[in-house]
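My entries below record what I looked up, in the order in which I looked.

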Amino acid sequence: MVVEPVSVTALSFTEYVMSGQRGRISIVSEQRDVYLGADPWVCGFYNPVRDAMRRAANSPDPDAELDLAVRSASRNGQLRAFEEVRRGFLPWLRGTRATGVPVSSTRWAAGELTLRVRPNLGLRMPDGSTAAVLVYLKERELTQEAANVGLRILQQTVEDTLPGATPLLLDARRGRAFRMAKRTNLAKLDALIAAEAAGYVVHWRMSA
């Protein structure tokens, strides 16, 4: 019997963790359809606004980049989503006074689950420090508890994606960036991630 490998993005896994017990089967089924679907564009709902955010970090007119994404909205729900992202992201970006820097991609494994990790944004701050930013775009508000999962994965892979950078997880619609608190119990967080990764694999295979 061939065991199907399970590989998704770090952000997809973070969304699974925050979905709660009742929503997990549903969200894994949806993600499975995205990753294994015949239509390669099915997962492209947020691609125009993601691309605009990356361009905005190096643009003399960031507003124009996000406006372009809003004007490109053509699928059901895109216009409202992109407008909300624009309202949250642009003030946050201006507040950082950062410029974009390149990032790399890598992979990270927890048990039988492999996560593809690529920060959506690499930023250089005015003081010379850098940040590796994973961007959350969905309607449901991100919590610190859920953000910690994505932040820990970024933390453990940052030397491969943007060495020396501070991991951030940005809730773009609300313009709120999360970072790992110094008091976070990393051993307990790692145990949680390992358990959630095992659960994700079970849910994925049950959805086949």
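**Entry 1**

I began with E5 and E6, which pair in the antiparallel sense over four bridges; two strands count as paired if DSSP finds at least two bridges between them, and strands (E, at least two residues) and helices (H or I, at least four) are DSSP runs numbered from the N terminus. Within this pair I found Gly122 opposite Ala132 in E6. The hairpin of E5 and E6 has five residues between the strands, and there Gly128 takes a positive phi near 95°.

Before going on I noted that this is a predicted model, in which local features need pLDDT of at least 70 and side-chain atom pairs count only at pLDDT 80 or more, while totals for chains, interfaces and linings use all residues. I also noted that residues are numbered from 1 along each chain as its sequence is written, and that side-chain values use heavy atoms, with hydrogens and water left out.

Strand E6 (residues 130–136) and strand E7 (residues 166–171), in contrast, pair in the parallel sense over six bridges, and Leu134 has Leu169 in E7 as its bridge partner. Putting these together, I wrote down an open sheet of five strands in the order E2-E5-E6-E7-E8, with mixed pairing. Its edge strands are E2 (99–100) and E8 (176–178), each of which pairs on one side only.

**Entry 2: a sheet of three strands**

I then turned to another open sheet, where three strands follow the order E1-E4-E3, again with mixed pairing. Strand E1 (6–9) and strand E3 (106–110) each have a single partner strand, so one side of each is left without a neighbour in the sheet. Neighbouring strands of this sheet are turned by 30° against each other on average, direction ignored; for such angles, axes are lines fitted to C-alpha atoms, for helices over the stretch in contact, and the values run from 0 to 180 degrees between N-to-C directions. E3 runs antiparallel to strand E4 (residues 113–117), and five bridges join them; Arg107 has Arg116 in E4 as its bridge partner.

Helix H1 (residues 10–17) packs on this sheet, touching E1 and E4, and its direction makes about 90° with that of E1; contact means heavy atoms within 4.5 Å. How many of the residues of H1 are buried? I found eight of its eight residues buried, where buried means under 20% relative accessible area, exposed over 50%, and partly exposed in between (1.4 Å probe, protein chains only).

**Entry 3: a helix that meets both sheets**

Helix H6 (residues 144–161) lies across E6, E7 and E8, running at about 145° to E7. I saw that H6 also lies across E3 and E4, at about 145° to E3. I picked out Thr161, which lies in H6 and counts as buried because its relative accessibility is 4%. Leaving aside neighbours within four places in sequence, Thr161 is in contact with Val103, Ser104, Ser105, Thr106, Val117 and Pro119.

**Entry 4: Met18**

Met18 sits in the loop between H1 and helix H2 (20–36), and at 11% relative accessibility Met18 counts as buried. Not counting residues up to four places away in sequence, Met18 touches Tyr136, Arg140, Glu141, Leu142 and Ala146. Although Met18 and Arg140 are 122 residues apart along the chain, I read 9.6 Å between their C-alpha atoms.

**Entry 5: helix H4**

Which residues of helix H4 (residues 62–72) are buried? I listed Pro62, Glu65, Leu66, Ala69 and Val70. Seen down the axis of H4, these buried residues fall within an arc of 140° (taken from the directions from the helix axis to the C-beta atoms), so they line one face of the helix. They pack against helix H3 (47–56) and helix H5 (78–96).

**Entry 6: the chain as a whole**

Last, I noted that the chain has seven helices and eight strands. Buried residues make up 47% of its 208 residues. Among contacts between residues at least 6 apart in sequence, 69% join residues at least 24 apart.
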